[in-house]
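I opened the file to look up how one chain is built and what it touches. My entries follow in the order in which I made them.

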Amino acid sequence: MSDLRDLYQELILDHTKRPRNFGRLENANCRADGHNPLCGDKLTVFLEVENDVVKDVRFQGSGCAISTASASMMTEGIKGKTRAETEALFERFHQMLTGPQGIELEENDQLGKLVVFSGVKEFPVRVKCATLAWHTLNAALKHEVEPASTE
Amino acid sequence: MKGLSEVRAPETLRTVASLDVARIREDFPILKQQVNGRPLVYLDNAATSQKPRQVIEAISRFYSEDYSNIHRGVHTLSQRSTQAYEAVRTKVQRFIHASEDRGIIFVRGTTEGNNLVAFGYLRPRLQAGDEILISGMEHHSNIVPWQMLCEEKNARLRVIPINEDGEVILDEYEKLLNSRTRLVAVTYVSNALGTINPVRRMVELAHRQQIPILIDGAQAIPHLAVDVQALDCDFYTFSGHKLYGPTGIGVLYGKPSLLESMSPFQGGGDMIASVTFEKTTYNKIPHKFEAGTPHIAGVIGLGAAIDYVQAIGIEKINAYEEELLAYATREISRVPGVRILGNAKEKASVLSFTLEGVHPHDVGTILDQQGIAIRAGHHCAQPVMDRFQVPATARASFAFYNTKEEVDALVNGVRTVMEVFS
């Protein structure tokens, strides 16, 4: 069962059970809906962006442990970051999960706590669960009207 | 031609009172493997079932020895292939107790069968304001084709509600039938809940008002003895791959008089009697609905699958699976936090459940790590999920090759899930 613990790390389970920044954001000036048609996960990401900086972020929705924890930890990871920093973070997160060789983690890697999701790489069908919130965030930043989808 | 798609069933299967499951499992090569370091426990049979070597070998033998195109060549191989193909039509006719083999149309699967009825039968007959009646537990394949038609024709799709146990409410059904209803389309067995619907009664009620009825038999065919004449349904659809046969082949049964009144669904070769640039005369049924070169090897495989199932006996299969489902239901109910969806009095082989505080997707991953294959998701039945206000369920579905030991593995697996999330 060691593989399972790689996926369901304590930190992930903690965020699943007690998601941070959960709920509507009244002052949001960007928002987007995300949907994973494979498993029915749905979430909404609310952003308050000021001078190109993510001043506040919250999310709402229902999903599996991985998608909920990923959304929760994403909100913690991007608060206070610029748009460009946020995009770079998503790029690195995505690379960690989908790159052919993954990534070499650096000391004080910009991913920070998000490295707990590195185990998801071994579960290809679950990668979309981990990236749903990020795709939705991307859509919100770009003011896309169509719901973000993992497909 | 004798022997081409015949299955030489193990003799013991004919004589033992209950199923010799150990012997049966020997017939399924795929079951003898380890997944993630554990023996495979395959409990996703409602999605698709595994194939016995008798089916695999029949297809291989057909391609190795008899294969050619059908209905056209004068040469020997073409004659052999044609005979084998048409022999399976008769086999299907007997298997579902149809009156004539020309009421058996080979299609790609249940979905194509439902669509053929939607577009070949109902579309020319449907007017604005007309109604199509389905149940609240349909698979998307028995919702979307009707919805498409309703949109096109400005007709109305109406839905028979289901109760808390996952059974259709017959009184409501009766009230919904009316002079505008042009077709009833209802599943025999629910893929998401396992409910066996009282289809005989539903046919009777529809016919009282001269309304034709289609039975979606995808989930029923591997578990229940089907007699389309006793049911008196107008159409019956099923897929080969859920009946231990190959993918890409299925059957639409229709009453011959209805099929004759229908226009072809697709034009092409084999479905014609004669073609000029001015006019084409269509072939007779069933060929009118089988345009182009069909899935010949798929048909041969389906025939072998029917032989296999009949050699064991569908009643025996049904009795064994019923016992297995009852055992699984009892054992899984003992795990704290388990909620079973679908508690109909009549059920077949499907155990749909949720675990408190755990998303079904995570249940699926953790069970897979223990070699246990179940389905997690909405099972192409989103309205059922909405009805029970869950985003998804975990679903274990059983076949006659499953054992009580495998049920125990499932229950232990579910306990492990609860431990991970405790």
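**Entry 1: overall build.** I noted before anything else that the model is predicted. I looked up the secondary structure of chain B and found 15 helices and 17 strands. I then took the box filled by the C-alpha atoms of chain B, which is roughly 75 × 55 × 35 Å along the principal axes. I compared the radius of gyration with the value for a compact globule: chain B has 22 Å, and because a compact globule of 422 residues would be near 22 Å, the two agree. I recorded 51% of the 422 residues of chain B as buried. For contacts in chain B between residues at least 6 apart in sequence, I found that 71% join residues at least 24 apart.

**Entry 2: domains.** I looked up how chain B is divided: domain 1 takes 11–50 + 313–416, and domain 2 takes 60–310. The centres of the two domains of chain B, over C-alpha atoms, are 27 Å apart.

**Entry 3: a helix pair.** I took helix H13 (residues 360–368) and helix H15 (residues 404–421) of chain B next. Their axes come within 9 Å and cross at roughly 115 degrees, and the crossing is right-handed. I looked up which residues make the contact: B:Val363, B:Ile366 and B:Leu367 come from H13(B), and B:Gly413, B:Thr416, B:Val417 and B:Val420 from H15(B).

**Entry 4: chain B against chain A.** I found 13 residues of chain B and 16 residues of chain A in the contact. On the chain B side, H13, strand E16 (375–377) and H15 are the elements that give two or more residues. Which element of chain B gives the largest share of this side? I noted H13(B), with four residues. By class, the chain B side has six nonpolar, six polar and one charged residues.

Technical notes
Residues numbered from 1 in each chain as written. Chains lettered and ligands numbered in written order. Predicted model: local features only at pLDDT ≥ 70, side-chain atom pairs only at ≥ 80, totals over all residues. Rg over C-alpha atoms; globule rule 2.2 N^0.38 Å. Buried ≥ 20, exposed ≤ 12 C-beta atoms within 10 Å, placed from the backbone. Contact = placed C-beta atoms within 7 Å. Axes fitted to C-alpha atoms, helices over the stretch in contact; angles between N-to-C directions. Left-handed = near helix turned anticlockwise from the far one by under 90°. Domains from an automatic or database assignment. Nonpolar A, V, L, I, M, F, W, Y, C, P; charged D, E, K, R; others polar.
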